[in-house]
Amino acid sequence: SGGWVPSQVIDRTSDTPSYGVALEDYTAQELNVRVGEVVAVLKRLNGWMWCKNLLTQQSGWVPAASLESLANSAVLTS
């Protein structure tokens, strides 16, 4: 399967621009959440946050603009 990878996680120092080396593990998995659910924010990248849903224990990317900050987590607002 295909997906997008942020340029920050790819080293493109090779002579061939269509090839690169992954600098870290990455998944393009988005996280489905409902308004009011609380998620733990584990990483921030390019306007997205890698979150873990505290109710379902599932993880994935959520747009940062959709989250409202809490003490050590966030809540989906839109």
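Colleague: How are the residues numbered, and which pLDDT values apply?
Modeller: Residues count from 1 along each chain as its sequence is written, and side-chain values use heavy atoms, with hydrogens and water left out. Because this is a predicted model, totals for chains, interfaces and linings use all residues, whereas side-chain atom pairs count only at pLDDT 80 or more and local features need pLDDT of at least 70.

Colleague: How many helices and strands does the chain have?
Modeller: Helices (H or I, at least four residues) and strands (E, at least two) are DSSP runs, numbered from the N terminus. Read from the N terminus on, the elements run β-β-β-β-β-β-β. The count is therefore zero helices and seven strands.

Colleague: What share of the 78 residues is buried?
Modeller: Buried means under 20% relative accessible area, exposed means over 50%, and partly exposed lies in between, with a 1.4 Å probe and protein chains only. By that rule, the buried share of the 78 residues in the chain is 27%.

Colleague: Which residues make up the largest nonpolar core?
Modeller: A nonpolar core is a set of buried Ala, Val, Leu, Ile, Met, Phe, Trp, Tyr and Cys residues joined through side-chain atoms within 4.5 Å. L31, a member of the largest such core, is in contact (heavy atoms within 4.5 Å) with residues including V39, C51 and V62, its neighbours within four places in sequence being left aside. The eight residues of this core are L31, V33, V39, M49, C51, V62, L67 and A74.

Colleague: Which side chains meet in the salt bridge, and at what distance?
Modeller: A salt bridge is a side-chain nitrogen of Lys or Arg within 4 Å of a carboxyl oxygen of Asp or Glu, and a search of the whole structure finds one. This pair links distant parts of the chain, 19 residues apart, with K43 in strand 3 (residues 38-45) and E24 in the loop between strand 2 (21-22) and strand 3. K43 counts as partly exposed because its relative accessibility is 33%, and E24 is partly exposed too, at 35%. The side chains are those of K43 and E24, and the distance, N to O, is 2.3 Å.

Colleague: Is N46 buried or exposed?
Modeller: N46 lies in the loop between strand 3 and strand 4 (48-53), and its phi is near 55°, a positive value in a residue other than glycine. Most residues other than glycine have a negative phi. With a relative accessibility of 51%, N46 counts as exposed.

Colleague: What is the phi of Q57?
Modeller: Q57 sits in the loop between strand 4 and strand 5 (59-63), where a relative accessibility of 45% makes Q57 partly exposed. Although Q57 is not a glycine, its phi is positive, at about 70°.

Colleague: How far apart are the C-alpha atoms of V5 and T27?
Modeller: V5 lies in the segment before strand 1 (10-11) and is partly exposed, with a relative accessible area of 44%. Leaving aside neighbours within four places in sequence, V5 is in contact with I10 and Y26. V5 and T27 are 22 residues apart along the chain, and their C-alpha atoms are separated by 7.9 Å.
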